[in-house]
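Okay, thanks for coming, everyone.

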Amino acid sequence: MKLLAAMSGGVDSAVAAALAVEDGHSVTGVHLALSQAPAALRSGSRGCCSREDARDASRAADVIGIPFYVWDLAAEFQASVIDDFVAEYAAGRTPNPCVRCNEKVKFSAVLDRALQLGFDGVVTGHHARLVDGVLSRSADIDKDQSYVLGVLTPAQLAATVLPLGSFTKPDVRSMARARGLGVADKPDSHDICFIADGDTAGFLRSALGPQPGPVVDALTGAVVGTHDGAYGYTVGQRRGLGLTVPAADGRPRYVLSVEPVSRTVTVGPATALDVSTVVTDVPVWSVPRSLPLQCSVQLRAHGMVHDCTVSAEGEGWSLALATSARGVAAGQTAVLYDGDTVLGSATIRSTA
Amino acid sequence: MLPEAVEAVSEAMREVGNASSLHATGRRARRVVEESRESLAFALGARPSEVVFTAGGTESDNLAVKGIFWARRATGRTRILASALEHHAVLDAIEWLVAHEGASVTWLPVDRDGLLDPAALEEELTDDVALVTVMWANNEVGTVQRVRELADLSHAAGVPFHTDAVQAVGQLPVDFAASGVDALTLTGHKLGGPLGAGALLLGRDVACTPLLHGGGQERDVRSGTLDTPGVRGLAVATSIAVSRQPDTAARLSGLRDDLVKRVQDAVPFAAYNGHPDRRLPGNAHFSFPGCEGDSLLLLLDARGVEVSTGSACSSGVARPSHVLVAMGQDETTARSSLRFSLGHTSTSEDVDALVEALPAVVERARR
């Protein structure tokens with residue numbers, strides 16, 4: 001096949017491109033420039049977006065022996081990921097920008113353009129298995145990224161190659177070393193790539209400005225503190241609440257809900273965080289199933305997996321969880337699994 | 001690189017010697033440098049004492065812009081006049097002076113063909129102007145400015161005039177004395193010489209504060225042990241490029257005119273950018289509305305046709321060209337643009353290959 005390799009400058013995408021070449025595909029590398037003003041050097045644990053990362057990707061392409069280009073997708077990334085991230089927080093939801101980036105940029109803008117230019121599909125370094133259009137968890141469960149790929153449609157999956165699904169991260173690093181790829185020992189990336197210092201609240205504060213409001217105790221209805229912006233709070237958060245009135249029972253309090261219109265942050269005991277029902281927006285099925293359905297669901301990246309019963313609720317799903325989940329926020333993505341196989345995904349609208 | 005220049009560089013590399021040393025080996029190196037200086041000066045209508053060897057176009061531009069600004073700032077003149085389509089080596093140097101050294105800048109507008117109206121310069125030449133800098137010929141769209149006229153206007157106002165002639169030398173007749181400019185940037189690799197070797201032609205009476213301090217090897221304006229092989233390669237290549245310039249220009253403009261006509265026939269909606277007559281002989285520049293320049297580049301590259309979007313940039317990202325934006329193009333059109341450069345190795349077969357590949361490529365890259 002004629003494949004376009006999305007190369008971030010990290011070890012995973014470099015090895016994925018190399019494996020695609022070794023499998024006999026004709027591969028062209030592209031680095032996606034996602035920042036409008038890229039820094040010269042990488043800082044912190046961000047994994048892309050600096051000119052150093054672009055150079056790492058370019059050097060990997062040299063070593064593999066494939067053509068390499070940089071595509072400027074900064075405008076798409078700003079609109080689809082960063083602006084969406086800010087708008088979602090402003091609306092009191094908790095988005096996952098990596099999910100959004102996969103959905104709107106990597107497997108949409110990039111894949112569309114690849115197909116238009118005559119490529120058969122894209123190859124990426126995500127840790128997940130993809131066999132005959134069916135997505136499932138990586139052999140390396142700690143690195144598994146099937147959750148953030150759960151938003152892909154069957155058409156997107158059909159034009160995607162994921163060569164790393166049966167390898168662990170140490171496998172990938174040793175394959176990189178064996179091929180003389182300089183990124184073999186490059187550190188993993190963790191943080192949200194467009195928030196360099198990892199200070200999400202600070203980022204949101206500068207994007208949205210101060211929006212002070214009350215912090216209310218769910219049990220008593222009393223105002224127990226103030227805040228500078230409800231967007232700085234996430235359901236399940238315990239630290240940094242700055243409460244001035246101690247709880248009646250002396251137990252720690254957690255953020256239970258964030259209400260952007262009234263700018264109210266509601267706090268309460270841990271038990272009030274328990275969620276047994278999750279309602280979603282319109283889902284995307286990768287392996288269509290009929291409802292009702294017994295399966296399992298993952299409600300956030302690296303989160304626990306819950307057995308559940310899925311039934312229809314309007315155009316979305318209603319998920320009845322067998323075991324209660326804690327700290328589930330609207331805006332997060334629910335991904336359904338049958339064992340290790342991804343069935344589909346949907347954005348969480350509300351919980352109860 | 002011209003074979004004669006490769007030979008000259010190789011020969012000079014076999015000789016050790018610091019041109020600043022006083023012993024016999026040093027004198028031999030010095031002789032190579034001074035003969036190179038004389039031949040470079042002769043080729044470009046300058047005096048040998050007006051040649052300041054540098055490490056290339058970027059250094060020459062920085063030296064001229066910052067050095068002349070600093071020297072003139074002492075007289076209370078701090079405003080810089082520059083065309084809106086300068087190379088980044090001039091543009092970023094000016095922006096740095098504005099941010100850190102108390103300069104102000106007025107960007108002189110250009111018309112849709114990229115040509116600067118001398119009247120627009122004249123209007124801005126008030127008694128606060130430190131220097132004027134206007135490139136001889138633009139690297140992207142190839143437009144050639146009315147350098148003599150602009151320099152005369154500047155002199156009438158008592159203001160020194162610098163021109164970045166990196167694209168012009170070897171392509172157009174360039175005579176330092178006849179052009180009337182006070183400072184002129186050139187570089188080796190654009191005319192068949194080595195990379196990392198360039199010069200600033202700097203009038204004897206033009207005050208210029210150094211960027212690099214040290215031994216003062218070049219007229220006390222530029223310090224650093226001279227790169228004898230590079231200097232020799234630059235001089236040899238410049239002499240040859242200048243002597244062949246009339247033939248080169250005739251051959252390349254013929255090839256270019258053929259390319260332009262055939263591209264317009266093959267892709268009727270392609271828009272030809274730049275000035276119809278006042279342009280570099282080897283330059284053709286088109287917008288393909290509705291196409292993404294990056295996509296065109298990738299598809300042509302895969303078919304063995306090498307073209308450019310914008311100008312090469314450190315991150316490899318093609319931003320909408322400031323040159324095209326200055327010429328009145330919107331960002332989307334600017335992003336749909338490609339530059340076709342013809343040089344001394346280009347042939348009519350290359351034009352055939354481009355014209356054959358282009359229609360299908362453009363069709364595929366249309367959004």
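Let me start with a question: which residues does B:Thr106 touch, not counting residues up to four places away in sequence? The contacts are B:Arg79, B:Leu81 and B:Glu124. Before I go on, please keep in mind that this is a predicted model.

B:Thr106 sits in strand 3 of chain B. Buried or partly exposed, then, for B:Thr106? B:Thr106 counts as partly exposed, because 17 C-beta neighbours fall inside 10 Å, and the cut-off for buried is 20 or more. There's also a distance to look at: B:Thr106 and B:Val132 are 26 residues apart along the chain, and their C-alpha atoms are separated by 9.8 Å.

In chain B, seven strands make an open sheet, and the order reads 1-7-6-5-4-2-3. The pairing in this sheet is mixed. At the edges you find strand 1 (51-54) and strand 3 (104-108) of chain B, each of which pairs on one side only. On average, neighbouring strands here are turned by 20° against each other, direction ignored.

As a quick reminder, strands of a sheet pair through backbone hydrogen bonds, and the pairing can be parallel or antiparallel.

Now zoom in on strand 4 of chain B. How many of the residues of strand 4 of chain B are buried? Five of its five residues are, so to speak, under cover: the strand is mostly covered. Strand 4, residues 129-133, pairs with strand 2, residues 79-83, of chain B in the parallel sense, over four bridges.

The assignment gives domain 1 (3-241) and domain 2 (245-365). How far apart are the centres of domain 1 of chain B and domain 2 of chain B, taken over C-alpha atoms? They are separated by 28 Å. Domain 1 of chain B puts 22 residues into the contact, and domain 2 of chain B puts in 22 residues. On the domain 1 side of chain B that touches domain 2, I get 10 nonpolar, nine polar and three charged residues.

Next, helix 9 of chain B, residues 293-302. Why call this helix largely enclosed by the rest of the structure? Because eight of its 10 residues are buried. Those are B:Gly293, B:Asp294, B:Ser295, B:Leu296, B:Leu297, B:Leu298, B:Leu299 and B:Leu300. What covers the buried residues of helix 9 of chain B includes pieces of both chains: strand 3 (68-72) and helix 4 (97-116) of chain A, along with helix 11 (331-335), strand 10 (337-341) and helix 12 (348-365) of chain B. After helix 9 of chain B comes B:Gly304, with a positive phi near 80°.

Over to chain A, then. Its secondary structure comes to eight helices and 18 strands. For 352 residues, a compact globule would have a radius of gyration near 20 Å, and chain A has 21 Å, which agrees. The C-alpha trace of chain A spans about 65 × 50 × 35 Å along its principal axes. As for burial, 47% of the 352 residues of chain A count as buried. And among contacts in chain A between residues at least 6 apart in sequence, 64% join residues at least 24 apart.

Chain A is divided into domain 1 (2-185), domain 2 (210-268) and domain 3 (273-351). The centres of domain 1 and domain 3 of chain A are 26 Å apart, over C-alpha atoms. Here 19 residues of domain 1 of chain A contact 15 residues of domain 3 of chain A. On the domain 1 side of that contact in chain A, strand 6 (134-137), helix 5 (146-149) and helix 6 (154-158) each supply at least two residues. Strand 6 of chain A has the largest share, four residues. That side of domain 1 of chain A splits into 10 nonpolar, six polar and three charged residues.

That's my tour, thanks.

Notes
Residues numbered from 1 in each chain as written. Chains lettered and ligands numbered in written order. Predicted model: local features only at pLDDT ≥ 70, side-chain atom pairs only at ≥ 80, totals over all residues. Rg over C-alpha atoms; globule rule 2.2 N^0.38 Å. Buried ≥ 20, exposed ≤ 12 C-beta atoms within 10 Å, placed from the backbone. Contact = placed C-beta atoms within 7 Å. Pairing = 2+ DSSP bridges. Axes fitted to C-alpha atoms, helices over the stretch in contact; angles between N-to-C directions. Domains from an automatic or database assignment. Nonpolar A, V, L, I, M, F, W, Y, C, P; charged D, E, K, R; others polar.
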